[in-house]
Amino acid sequence: MTETEFLDLAESTLDRIETCFDNLNDQDVIDVECKRSGNVLEIEFIDNGSKIIINSQAPLQEMWVAARAGGYHYKRVGDEWRNTRDDTELYMALSDLATQQGGAPVKLG
């Protein structure tokens with residue numbers, strides 16, 4: 001994948017994640033606030049002040065996630081972002097992390 005292709009894909013991934021969390025907030029599933037600055041998306045859980053931070057790493061062509069549970073790196077494999085350690089899929093992992101931090105069942109699609 002070229003750098004331009006990665007940057008486009010990373011941008012659309014961050015947009016999709018932000019939209020998912022905004023929708024969950026609008027549906028009163030969880031109380032979150034999303035802030036975006038360039039290639040960094042910060043999701044703050046209002047009830048407890050914890051955050052999940054997602055950013056793209058162009059030189060490595062990875063998406064990085066920082067949460068209470070730890071830090072995770074995701075590489076593109078086929079049509080999915082996969083954890084470089086345990087092969088979990090990004091949206092499934094974010095669903096689990098948001099459920100843990102937000103205190104309500106979250107399913108990102």
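How many salt bridges does the structure hold? In this predicted model, the count is six.

One of these salt bridges pairs the side chains of E11 and R36. The N to O distance is 3.1 Å. E11 belongs to helix 1, which covers residues 3–26, whereas R36 belongs to strand 1, residues 32–37. The two residues are 25 apart in sequence, so their contact ties together separate parts of the chain. E11 is partly exposed, at 38%. R36 is also partly exposed, with a relative accessible area of 25%.

D15 is partly exposed, at 34% relative accessibility. The salt bridges around R36 form a network. Through shared partners, E11, D15, E18 and R36 are joined into one such network.

Another salt bridge is formed by E42 and K51. The closest N and O atoms of this pair are 3.2 Å apart. K51 is partly exposed, with a relative accessibility of 35%.

Technical notes
Residues are numbered from 1 along each chain as its sequence is written. This is a predicted model: local features need pLDDT of at least 70, side-chain atom pairs count only at pLDDT 80 or more; totals for chains, interfaces and linings use all residues. Side-chain values use heavy atoms; hydrogens and water are left out. A salt bridge is a side-chain nitrogen of Lys or Arg within 4 Å of a carboxyl oxygen of Asp or Glu. Helices (H or I, at least four residues) and strands (E, at least two) are DSSP runs, numbered from the N terminus. Buried means under 20% relative accessible area, exposed over 50%, partly exposed in between (1.4 Å probe, protein chains only).
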